[in-house]
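User: I'd like to learn how to read the contacts between chains in a model like this one. Could you take me through it feature by feature?

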Amino acid sequence: MRKVKKLVFILLLTVLLTSCWDENIYEKVGYILNVGIERSEDNKMLISLTNPVVGIQQQGEVEMITTTANSLREARENGRLISPKNLGGGKIQHILLSCDMAEGGIHNLLEVFQRDPINPALAIIVVVDGSPKELIEKSLNFGDKPRSAYYISQLLENNIRNGYIPETRIYNFDIAYFAPGLDPITPMIKLEPNGIRIIGTALFSGDKMVGRIDTRKSSLLLAAMNQLRNPTFFIDNYFDEDLEVEFYTAALLRSVKRKLDIKIVENRPVINMELIFDVTLDEYRWDRTDEKVTQMAIEDAIVKGMKEDYKQLFNYMQKIGSDPLGIGDKVRAKYNNYWQSVEWNEAYKVAEINIDVEVVIKQYGVIK
Amino acid sequence: MIEEVGRMLDHKHQITSRQLFVFIIAVQIGIGILTLPSILVQIAGHDAWISIIMGGIISSFILVIIMLLLKRYKDKSILEINSVLYGKHIGGILNILIIVYSFVAAILGIRIFTNVIKVSTLKLTPPTVLTFFILIPTIYLIWYGLKAICRFVNILLVIYSLVIIFLLLIYKDFRFTFLMPVGGSGIKPITMAIIPSLFGFLGIELVAIIYPNITDKENAMKYALAANLFTMVFFLIVTIFTTGFYGEVMLKQLEYPLFSISRSYKAPIVERIDLFFVAFWFPAMASSLRNYLFSSFYSINEVFNIKKRGKVLFIFYIVAVLVSRIPKDQAHTNQFLEILNLLGIGIMGYLCISYLFSFVNKRGVGIK
Amino acid sequence: MGKRNREKTESGMINNENEISKSLKESLLRIEEAFKDCPDLIKRKVFLNNSTEGCILYLKGIVNIDLVQRDFINPILSLKEENLTDITILGSVSASNVDCYYDFSSIITDILSGFAVFLIDGRPFAVVCKLDKYEIRSIQEPETEKNVRGPHEGFRETIESNMATLRRKIKNNNLKFKLIKVGTTMNQTVSIAYIEDIADMNLLEELNNKIEGINYDGLIPIGYIEQFITDFKLSPFPQYLATERPDKAVAGLLEGRFVIMQEGTPVVLIAPVSFFSFFQALDDYSTNWMAGSLIRTIRLLGAMLAIFLPALYIAITSFHYFMVPLDLLVPLAESRAKVPFSPIVEALILEVTLEMLREASIRLPTYIGISIGVVGGLVIGQAAVAAGIVSDLFIIIVAVTAIASFIIPSYDMGLAIRFIRFIFILSSAVFGIVGVVVSTIMLIAHLVVLESLGQPYFQPVVPLRIKDLKDVMVRVPLELLRKRPDQGNPNNDRRGR
């Protein structure tokens, strides 16, 4: 036994003395935070990576590497050929895709995030209206904004919390892509002269982007998906002729109750959806808002506006064949025989979708 | 130290029925559950959970038969029963078969454990060194015997509940429609999936080896059945959650769904918790293989009547590490695993046949 | 005393060599031979009734000579010739602690233990009387185990006064002391205190055998005994709770535990104890139960921090960079950027410095100790960061770790945790989080295997004793603590009637 102990001891000692194989010392790693992907010539992708430069003198500096590559991993390896740091993808916050990439299908492109567990499945997928490279480049020099990746990440996070864009991380995207009768959606951003702007939501069919909607419709879509956060909804109020300004009513959408009823009538799906919103009246005009009559009028106006929006939204989605609501999934679960008998993409386009909206003003602030 | 400890080790294998409960849970839950949902879904689709319930019921029946067999022979383990029931030579061969089975099961467990670590955290560390390192606590506990092992695995109950709590954290991405329509996959695939679901319940055959060490045998049956039921409920929860989270199509693509699911939760502050999740699951995996390793070591001691336990254990340790490197790669390991699982079912069947045979050959029945 | 005397007498009968000779001269010669070069042995010859010669022997400095003169020698001297039999002498001496021996070796040990021995010519026995007077220090509160609301007294170096302290606190004849002699050269007395109707007699037997089995020349502090009787010598954890506080010893006794006291040391050992006993202080019980629970939880948390924090830091900074939160990413990298060493070297530098500092401050007197604090604070806190040897974040981690390990009430447990921390640091430096996990499993496995006097060390948690869990992380109100914990295997586990 003493020999055994000695052997074990020697073994442990050798383990301690040999270098540590997987060691990846923190300050020597360059953590990629932004990834921008767009198409380039000669069948390649133009991929832009950024990582924050850390040093005593360097405050707020960001290193940006742009390279053409045939895969994301190749881009990282190319980056390692340039960067002083050992680039690693473990902290990627968001993936910025150009519209043409998204329209071509991104499912296999993003596979590396699921295959290699060091990469995060939590990165947010964002479609950029314009060139991601340009967006990242410009974002490095916004004087009044934080470091590029932090800026974009905070921007997205806040707007997700406010309910203007969906929270689409890689795993959400993959799940929605794989599930039959369910399509992913992603946020969309756009470069402006002195900042980046959230412009709405990109709609996908399968893994291909097929359409886009603005933030107003995005928040309504999220409500219909039962993922309402706290967006504010605007509707016409009055037109001030002296100022020549159109004033809007603002209502904070607090919560929504959704009743979804799916039927098959004459071999055609009929979807009846009822949405009951609880809202807080945030901005209106001096009026007796505590009275039932006034409240009813406001509620009616909001309902009318919403219904109109929903109608446009669903007509658009049916036209482009995108089903982020998972109506197909529900049909598959409920009417499996019917589901197997039809081609859903076609059936969806001719489905009848009726939306009924009800709005209840729960609070109107501290003036009557 | 050996002489000092020797006196205390007189009762080192004695356990109560309650400890048998955790022993069985620890063998069953651990390594199997990593791949089980994915394997079952490949056969039975989203109805995999029904197969698990059926597998649980069937395995409970097998467990009852095994316990009845052991009860018939009072204080004997299967190793002694074999030589009584089948005669010295055939019994000896069967004993060696049992030893080989439990040893190979342990080896494959070690291999899968190492694979998981390599895939999830340490890509480049030499696997042999890693295996040596991760087996240190296992060998330590085996040296101190069954009682120490059973006391240790109590800790796992905390880990299982942490996993359940974690699954509850991601409830908002859970879709019931992914589990519907119930029974939609058809009866044939569901029944086909019972066999692989039984693989998950493998481990109850080890009771036959350690049975004589139970102090209150009258409760053993009750606790063993409860353990099997516990495992079934745990499998059920994990399978339902992974199916409802990923949907069957995506789940089929995943190697270790339970780990993938941990990558899909954005925790406050630390963001990614997958590493902690994996770290928490390590003890569960180690316990599963430890119980097999212990059973084979214990059987060797019983069959060959070994005096120098320390030396044999050390040789056993080295052999186990080296043998675990034999499978060439992940796919090769899985092939071995398939054969082993069938062998495990075979062992269960053989125990059931032994019970029937004990009515024919009544030698040694009921004698203390 | 009487019983012991009889045993000794019988053994003396058997062995002639050991008998006291009738001739005083012969006896004195033998004693002188035994006490060669012992100038502190005083022999004073006296004559009884002017004819019979007698001799009184004692060691200077440990015998209260005034009392011996008054209560021992004077009564004997006044006895008549015919009354000089053992029974009459014993009856007529007014001192309380008088005995009569027939064997020679007992005389030697008794002289050494502070007895005055009286030999009479022509009589084959010796009359001994214990009227000792040691110089002992006054009762003080133990420096290392202060408390707020408990009694401020501590044990002292003499076993008699310590036994008396316990006796004064527990006025019950069931409080027993079992005396054992240890130390082949030093001849020390060890006493095991227990309460007869609570403690488990099998454990007493086991403990007794263990202590009697010690074969060593001298046991200087009680740590010697502890090390000789521990079952798991390869364990860093203390398996016996050392304390200087009588109240802690009493609390142990009431839970059916044993208190081992040794001549010459104010520290006593309590056994069997569980891992969690080392995190309990008497103040937890003497104050409000909610506050007590909070403090105790913080102590356990502190122990966990002290073990895991540096190891996790190393694992994350040298292996798993992606576990750092986004907002900490850049600040951490900035603090690490100017450090030329890898995290493990950084950690070892700082941890070793800290341990040196701590070790230095124990030995140094208080007034120099303060300057050590200044040097440590300046060197570690400021200069090391400025010079770029360590990162400031790690300084914080080390500081938190140090504070966390200071709040553990037991010095032994603190030592164990400091030791374990280094193992964790090293294994996390090689295997990252896997190293931390494997070390944790090993730690738990070890705690589960460990036993204190044959009782499971990790008791109320594993094996699970739900009723005892009330006194681990939380300390429930005393009314709910009506059962004694299972650890001591008590005979009757109800506290109170």
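Analyst: Let's start with polar contacts: a polar contact is a pair of N or O atoms within 3.5 Å, where within protein one must be able to donate a hydrogen and the other to accept it, and residues adjacent in sequence count only if both atoms are side-chain atoms. Between chain B and chain A there are 13 residue pairs in polar contact, both at pLDDT 80 or more. On chain B's side, α6 (88–120), α7 (127–134), α13 (220–251), β2 (271–272) and α16 (309–323) each supply at least two residues that touch chain A. α13(B) gives the most to that side, with four residues. The helices (H or I, at least four residues) and strands (E, at least two) are DSSP runs, numbered from the N terminus.

User: Why the pLDDT condition, and how is everything numbered?

Analyst: This is a predicted model, so local features need pLDDT of at least 70 and side-chain atom pairs count only at pLDDT 80 or more, while totals for chains, interfaces and linings use all residues. Residues are numbered from 1 along each chain as its sequence is written, chains are lettered from A and ligands numbered from 1 in the order in which they are written, and side-chain values use heavy atoms, with hydrogens and water left out.

User: How many salt bridges are there between chain B and chain A?

Analyst: A salt bridge is a side-chain nitrogen of Lys or Arg within 4 Å of a carboxyl oxygen of Asp or Glu. The count between chain B and chain A is four. One of them joins R175(B) to D329(A), with the closest N and O atoms 4.0 Å apart.

User: And what area is buried between chain B and chain A?

Analyst: The size of an interface is often given as the accessible area lost when the parts come together. Here buried area is that loss for two parts, with a 1.4 Å probe, summed over both. For chain B and chain A it is about 3200 Å², with carbon and sulfur atoms giving 62%. In chain B, M250(B), R263(B) and R272(B) lose the most area to chain A, together 21% of what that side buries. Counting contacts (heavy atoms within 4.5 Å), 33 residues of chain B meet 36 residues of chain A.

User: Is N336(A) buried or exposed?

Analyst: Buried means under 20% relative accessible area, exposed over 50%, and partly exposed in between (1.4 Å probe, protein chains only). N336(A) is buried, because its relative accessible area is 17%. It sits in helix α11 (residues 336–341) of chain A. Leaving out residues up to four places away in sequence, N336(A) touches V331(A) and P181(B). Its side chain also reaches the backbone oxygen of R332(A) at 2.8 Å.

User: What do chain A and chain C bury between them?

Analyst: About 2400 Å², 70% of it on carbon and sulfur atoms. In chain A, Y26(A), E27(A) and K91(A) lose the most area to chain C, together 28% of what that side buries. E27(A) turns up again in a salt bridge with R336(C), at 2.8 Å from N to O, and the count between chain A and chain C is one salt bridge. On chain A's side, α1 (2–17), β1 (29–31) and α6 (148–162) each supply at least two residues that touch chain C. As for contacts, 28 residues of chain A meet 26 residues of chain C. Eight residue pairs are in polar contact across this interface, both at pLDDT 80 or more.
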